[in-house]
Amino acid sequence: MSSTTNNKVLTTPAPGTVIAPIHDYTEEQRAQMAELQQYAETLLLPTTDKYYPWEVRWLNKPDTIPRYMRAVKWNLAEGKKRIKATLEWRREFKPDLIPPDEVKIEGETGKIIINGFDNDGRPIIYMRPGRENTETSPRQLRHLVWCLERAKDLMPPGQESLVIIVDYKSTTLRTNPSISVARKVLHILQQHYVETLGRAIVVNLPMLLSFFYKGISPFLDPVTRDKMRFNPDLFELIPKSQLDADFGGDHAYEFDAQSYWDQIVAACGIKEDGTRIDFPPESERSDGSSDNGSATLSPSSSSPAISESSPPHANEKTRVDISTTSVETDEQNAVHEIMS
């Protein structure tokens, strides 16, 4: 373990990382994805709406349509329901346009930070409930969503999921969420960030709180439940160079709120108003509008996710080029409870 601490946030995977899993699809599945894409495009906002470019941007990301079809196990009717619900939620919540300063206070203690990648190139989100620093408010939910969006920004090409490590050190029975609250949080995350959780790792869980996970287990999707690990050998899952020294890794990261925030905002290209440095491109701005203005964009006739060139087939390995820079009140209370 390195004895020299540093403030550097790891925003790219270790050299030579092989992205996994890489999903392959049958012709029938590709046809279903094309149909879901076409259906979703009929739901888009008018092109004059300021949020329209962002809606198209999200819908046309290579992973969006495949994730929703995998989540519903290729039930097209269910896929349409799920993506419609998420489109409506995103219009209200606007998760891709949260200004950093709006949620910055929630990050002052490092209760949720993004730092490093696992063996498969998944970004790691560390959650430390014992570092809770604010009272229950809608802002806590927006901060959690902001972190999920930033982790997605940092995913290397071909990666569609992330890792969450929940460290229960210093968490008490009083602050642990109830089973009913946890179920509500699971519903929020599973509905609007489907197939985004690659692994959920729980460490330093006191025996006194073990009943909590036994209690929510029946309500987890079997696939999600299979992704959960309790006190695993982290060295089997994460390169030592990418693992925080608190967990035995070589990355002796010392949290500094301002330094962390500046690095994440810069790595993800986030502007002060929550828009992006590079979106929409100048060529797609019809009237010189601002980044969150009513730029005229056209939905693609076919999703990038189902084009012949993307994603790679399962027998092809995508390697990271390390040289490139890479809601309701109950819901709000639920997030506070699970993060407290």
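# Salt bridges, sheet and cores in a predicted model

Glu106, Lys111, Glu132 and Arg139 are tied together in a network of salt bridges (a side-chain nitrogen of Lys or Arg within 4 Å of a carboxyl oxygen of Asp or Glu). This is a predicted model, where local features need pLDDT of at least 70, side-chain atom pairs count only at pLDDT 80 or more, and totals for chains, interfaces and linings use all residues. Residues are numbered from 1 along each chain as its sequence is written, and side-chain values use heavy atoms, with hydrogens and water left out.

**Confidence**

- The protein chain has a mean pLDDT of 80, with 72% of its residues at 70 or more; pLDDT is the predictor's confidence in each residue, from 0 to 100.
- Residues 285-298 stay under 50 in pLDDT, and the model gives them 38 contacts beyond four places in sequence (contact means heavy atoms within 4.5 Å).
- The pLDDT is also below 50 over residues 300-340, a stretch with 91 contacts beyond near neighbours in sequence.

**Salt bridges**

- In total, the structure holds 20 salt bridges.
- Glutamate 106 and arginine 139 meet through their side chains at 2.8 Å, N to O.
- That pair links distant parts of the chain, 33 residues apart: glutamate 106 sits in the loop between helix H5 (100-103) and E2, arginine 139 in helix H6. Helices (H or I, at least four residues) and strands (E, at least two) are DSSP runs, numbered from the N terminus.
- Glutamate 106 counts as buried because its relative accessibility is 0%, while arginine 139, at 28%, counts as partly exposed. The cut-offs here are under 20% relative accessible area for buried, over 50% for exposed and in between for partly exposed (1.4 Å probe, protein chains only).
- Aspartate 120 and arginine 199 form another salt bridge, at 3.8 Å, N to O.
- This one also joins distant parts of the chain, from the loop between E2 and E3 (aspartate 120) to strand E5 (arginine 199), 79 residues apart.
- Aspartate 96 pairs with arginine 90 at 3.2 Å, N to O, and both residues are buried.

**The sheet**

- Five strands make an open sheet with mixed pairing, in the order E2-E3-E4-E5-E6; two strands pair if DSSP finds at least two bridges between them.
- E2 and strand E6 (228-230) are at the edges with a single partner strand each, so one side of each has no neighbour in the sheet.
- E2 and E3 pair in the antiparallel sense over four bridges, and isoleucine 112 has methionine 127 in E3 as its bridge partner.
- H6 lies across E2, E3 and E4, at about 15° to E2. Axes are lines fitted to C-alpha atoms, for helices over the stretch in contact, and angles run from 0 to 180 degrees between N-to-C directions.

**Cores and a buried helix**

- The largest nonpolar core has 45 residues, of which Ile125, Trp146, Ile165, Tyr260 and Ile264 touch the most other members. A nonpolar core is a set of buried Ala, Val, Leu, Ile, Met, Phe, Trp, Tyr and Cys residues joined through side-chain atoms within 4.5 Å.
- H6 gives this core its largest share, seven residues.
- Leaving out residues up to four places away in sequence, isoleucine 264 touches Val9, Ile114, Trp146, Arg150 and Leu154.
- Another core, of 18 residues, lies apart from it and includes Met33, Tyr52, Val56 and Trp58.
- Helix H2 (residues 52-59) is largely enclosed by the rest of the structure because seven of its eight residues are buried.
- The buried residues of H2 pack against helix H1 (27-42), helix H3 (64-71) and H4.
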